[in-house]
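Trainee: I am new to this structure, and I would like to learn how to read it with care. Could you take me through it step by step?

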Amino acid sequence: MMKFGSSLLIPVAKRLEGKVAVITGGASGIGESSARLFVQHGAKVVIADIQDDLGYSLCESIGNKEAISYVRCDVSHDSDVQNVVETAVDKYGKLDIMFSNAGITGNTDPTILSTDQENIKKVFEVNVYGAFSCAKHAARVMIPAKKGSIIFTSSVASATHGDVSHAYSASKHAVVGLAKNLCVELGKYGVRVNCISPFGTATPMMRKWMGMTEDREAEEFVCKIANLKEAVMEAEDTAQAAMYLGSDESKYVSGMNLVIDGGYSITNIALGEAMKKRGIGESSARLFEQHGAKVVIADIQDDLGYSLCESIGNKEAISYVRCDVSCDSDVQNVVETAVDKYGKLDIMFSNAGITGNTDPTILSTDQENIKKVFEVNVYGAFSCAKHAARVMIPAKKGSIIFTSSVASATHGDVSHAYSASKHAVVGLAKNLCVELGKYGVRVNCISPFGTATPMMRKWMGMTEDREAEEFVCKIANLKEAVMEAEDTAQAAMYLGSDESKYVSGMNLVIDGSYSITNIALGEAMKKRGIGESSARLFEQHGAKVVIADIQDDLGYSLCESIGNKEAISYVRCDVSCDSDVQNVVETAVDKYGKLDIMFSNAGITGNTDPTILSTDQENIKKVFEVNVYGAFSCAKHAARVMIPAKKGSIIFTSSVASATHGDVSHAYLASKHAVVGLAKNLCVELGKYGVRVNCISPFGTATPMMRKTMGMTDDREVEEFVCKIANLKEAVMEAEDTAQAALYLGSDESKYVSGMNLVIDGGYSITNIALGEALKKRFT
């Protein structure tokens, strides 16, 4: 339990001292706020922008020529980005932070029918290709240095969907996909990669998008639709997040999409209310025709297309039209052909796609390859949706289905272009489902696991289906079954039929639960060490702290070692006993007059046997009494105090087990998922009172609880084990990393962060070790 004054993170030391940063889009809005904050905290900053007057004016207003400079840079030009990175390195000798923040909204009309191909390309050139360039050139410098932090500005549109343009939404999903995939590649070099997704902020870009001239007008609009009341989202909130992610305080945070939206994205409050594979394709064509559908096949493989029609033999039911989906007029033609022939269009299955260059490294990324992948996988999907929608909207019915990929749900050794494109498709589908739902049109995705199709065999360098299937079976989570093209076809038939008449906005992942496993998870726990580290850190930064625990000797000893009787005290508290929690909250309020932060960190692992057959009911109950019911009690009694005060921060310690799955006990894992669900639901309820609720999910940390769980006696032994299975190298996860995250979430610097599960695992939870290992064995 912690009590704070006005601000927690007092700059006792400059938090970016000695670091060099490049900030794109740095001349105004979020970029400007970040540049000012970074310089205040000791960083050397190079602003990259196309707004020359604003850039030079900002440098002049800061007044420290040694610390800040401006370089003109259009991020859609790879050479401009290369130049700004080289300028930073030439001037300061290194690059520690790349904040890829430049972006545009493009045409803000949110309807698919008004979507313009040139506008889509422009949005992606800046928002996505620009991000690729920033990452690539930063990586050239950071990889040899074995350290660095790459940060992207995405958007709340990456976590929610509604009346924003489809191009903008898909581009921001792509950026998140890129960040997650990059974090897997660059982790081995000690380079961290994260995203920030801010809510609506009164920046010049947002005012222009909203057609408003005053910050106050934009802020009033945002506050009206916000979940979190008693606070206003500002550019500095994103800047503070960027500072945290760029600093050593977040040294084990990687692969994170830090959503700063006051819990908006996890509520069901529509923005619209406020704004008024071929193998898969063939299998689907055969199955659809068998079940009575009239099918028009669209492809560029003429011989195979005509051959398929001939083999099916029903000329009335199936036909072939040549169609390159990257050519909008081709897609328009195939839709018109279907309507001319059959009088309507009920199902659009946008299944065409390419992998492009399969080299998964950012340094080998080629701009032309990226563009080609996106032209087919993303722009082609836009065209399919647009022309289908023209027919379906007047009919007030229809089903649009996209083929995405398991790469939209997991990350690793696939090319960044392919991964980002498939994330973009999922984002497009979710955004479209919001727009088209009002017309009775459903929009969904299918994300299949590796399937022995011609495209996959080509990608894997294999000639036989059997060889591809054996490879897939080897890395699969679900045994005794083989993923086939027909599995995706069956999913498409379901989503196209009336059987799924109320399914929309779904990404149906067909992977035998591969995407939610992480085979290397030998264990990753934490706890009392985290509580002690947090108590020490909070007190150092000016908080009054009440420690609540059942380990009396350790509690009193910690208070004595800190030595500040006015600032820290101990109260015995078993969190599974509601009256104990009530007592500790009342003690804090009686002593200090208020409660600003509740850090619900107590937890147990219970029986660590991971098998369901060994699960014991009493053990389950005990784990849930401490980990879940205890969290409920902490939140309940804290809320009693915070609601009348119209402010407060409730923080739960969950676990990396809430974001990945493997050899941990089912009781422990389920309890930690429950805590995350509790936090997200609470954030919706308490937001109206100005109370923020968040989770922290740390990776394996050498704490007393983890040592006991692992059967180890030495911290070093635990750390060696954790480092061995970790994604992020050149760093060791420590209890203080979780304490630093708690400090950030408890402070005013995170005043607009709510509903977040901040996973501190160096990108571990978004990798799938089995795929990487299997690919390495095959190709090395």
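Mentor: The structure holds 19 salt bridges, a salt bridge being a side-chain nitrogen of Lys or Arg within 4 Å of a carboxyl oxygen of Asp or Glu. This is a predicted model, in which local features need pLDDT of at least 70 and side-chain atom pairs count only at pLDDT 80 or more, while totals for chains, interfaces and linings use all residues. Residues are numbered from 1 along each chain as its sequence is written, and side-chain values use heavy atoms, with hydrogens and water left out.

Trainee: Which residue forms a salt bridge with lysine 751, and is aspartate 237 buried or exposed?

Mentor: Buried means under 20% relative accessible area, exposed means over 50%, and partly exposed lies in between, with a 1.4 Å probe and protein chains only. The partner of lysine 751 is aspartate 237, and their closest N and O atoms are 3.1 Å apart. Aspartate 237 counts as buried because its relative accessibility is 4%, whereas lysine 751, with a relative accessible area of 23%, is partly exposed.

Trainee: Where in the chain do arginine 322 and aspartate 302 lie?

Mentor: Helices (H or I, at least four residues) and strands (E, at least two) are DSSP runs, numbered from the N terminus. Arginine 322 and aspartate 302 form a salt bridge whose closest N and O atoms are 3.0 Å apart. This pair links distant parts of the chain, since arginine 322 belongs to strand β10 (residues 318–322) and aspartate 302 to helix α11 (residues 302–312), 20 residues apart. Arginine 322 is partly exposed at 46% relative accessible area, and aspartate 302 is partly exposed at 27%.

Trainee: How many residues apart are glutamate 532 and arginine 536 in helix α18?

Mentor: They are 4 residues apart in helix α18 (residues 528–540), and therefore about one helical turn separates glutamate 532 from arginine 536. Their side chains meet in a salt bridge, at 3.3 Å from N to O. Glutamate 532 counts as partly exposed at 24% relative accessibility, as does arginine 536 at 29%. Elsewhere, salt bridges that share partners join Arg15, Glu249 and Glu749 into one network.

Trainee: What is the phi of lysine 396, and where is this residue found?

Mentor: Lysine 396 has a positive phi of about 60°, although it is not a glycine, and it is found in the loop between α13 (367–395) and β12 (398–403). With 52% relative accessibility, lysine 396 counts as exposed. Lysine 646, which is not a glycine, has a positive phi of about 60°; lysine 646 is placed in the loop between α21 (617–645) and β18 (648–653), and at 38% relative accessibility lysine 646 counts as partly exposed.
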